[in-house]
Amino acid sequence: MLRAVIIDHEEEAVQFLQEHFSNIHVLKAYATKDFDTMELADLEPEVIFMNIDVPKCVNIKIIQYLANHQLTAHLVYIRENEDKDKKNILQGKAIKYIEKPYTYEKIKQLEEEIKKDIMFPIYPETEVNMFKRFHFKKDGKEITNIKFRTAKTRELLIYLIQHGDEIVHKETLIQLLWPDMPMENAYDNLYAAIYYLRKLLRELNIGIHIHTSVQGYVVEYHNITCNMMHFGQLYNDISNDLADGCDKLLILKKFNVLKNMYIGDYLEDEPYEWKKNLQEKCRLQFLSIVRKIIKCFVEHGKYMEAIIFTKEIQMQHPKVDYTYLALMKLYHIIGELGCVTDQYEKLKTMLEEEFGSEPNKMIQDWYDNGLPIDGTLQGTSVY
């Protein structure tokens, strides 16, 4: 539905419009004296209904708003029957009117005209990348030198994208980004950041719309691919394929897409505390699929294929201790004891250099005492 505001002093007429619109959602109705340009910028309407008799200063504010925001918002004048000869103040513009008294037929006709006239931009395909670090890509190339007004503005955009089509409450954003600031100042910062992000996304021609609702903000995508969302879909597809015993080549083809997407932890290089739950979830999902595929190879006696597969994962994610244990057990199965030792030494080196630790007791006991192969190849931890 198209988002609209109404600027009119007659409450009954406003209520009639609100009740009879079918394709237009009225975000807010203003009496002339209550009109607020800053709030209008925050609402970001696509259609503005305004009584032709509102003061000239309000008309000018509307014109400045449309110009400054470079919006496709349509201005529709409301006029009384006796106002037919009045001239609109936007010379050269095709301005629409709706006359009082309103009828259902007038409203339907106007809605159809507006629907035909409003042309939304056809955005180029844009990738939103959330693994390792946040960045945009167009035509496979990263968009560089994006000038965010502040670090908080950038964080706000990433947080909204993380929540997809969920409404993010304003109070949540205030607590997240400006917890120690007086409430009034914090809201000013939030509105300014939202305004700036909308302007920036338009300048970059990226099809991410930040909409205002009563409760907060919600993101709408146009020709956008977000790899975090695609990751979740692929995880479900592969899990279902493995459970259903689907063709191994099909599963591996899907997994290769998942693997190429998962180039590092979710927002690994970003400093945000709020990323950790989703980061851990994605990490566990990725490792869960890896374990299931290795188990599938083992159950079918495809040990060399399991080894090749696991080594590829190890090369891409050298900090995952599970791959070392899996390779130790796989090499043990085929009798390559020298390779078991190599993997154990590599694991010791990795843990010492990266984490200042050593293999946990279960792995040490398995290596030192030659405990039986458990067949499940369960790892000891994710990282």
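Among the contacts in the chain that join residues at least 6 apart in sequence, 61% are between residues at least 24 apart. This value, like the others in this report, was computed from a predicted model. The secondary structure of the chain amounts to 14 helices and 12 strands. Of its 383 residues, 46% count as buried, and the accessible surface of the chain comes to about 20100 Å², with 51% of that area belonging to carbon and sulfur atoms.

**Salt bridges**

Side chains of opposite charge can pair when their charged atoms come close.

| Pair | N to O distance |
|---|---|
| Glu203 and Lys199 | 2.6 Å |
| Glu305 and Lys248 | 3.0 Å |
| Lys276 and Glu273 | 3.1 Å |

The pair of Glu203 and Lys199, whose side chains meet at 2.6 Å, belongs to helix α7, which covers residues 183-203; because the two residues are 4 apart within this helix, about one helical turn separates them. With a relative accessible area of 52%, Glu203 is exposed, whereas Lys199, at 32% relative accessibility, counts as partly exposed.

In the pair of Lys276 and Glu273, the closest N and O atoms are 3.1 Å apart. Lys276 is partly exposed, its relative accessible area being 44%, while Glu273, at 56% relative accessibility, counts as exposed. The class of exposed residues begins over 50% relative accessible area, so Glu273 at 56% is placed in it, as is Glu203 at 52%.

Salt bridges also link residues in a group of three: Asp8, Glu10 and Lys100 are connected in a network of such contacts.

How values were computed: Residues numbered from 1 in each chain as written. Predicted model: local features only at pLDDT ≥ 70, side-chain atom pairs only at ≥ 80, totals over all residues. Heavy atoms only, no water. Buried < 20%, exposed > 50% of the residue type's maximum accessible area, 1.4 Å probe, protein only. Contact = heavy atoms within 4.5 Å. Areas by Shrake-Rupley, 256 points an atom, 1.4 Å probe, with all protein chains shown as cover. Salt bridge = Lys/Arg side-chain N within 4 Å of Asp/Glu carboxyl O.
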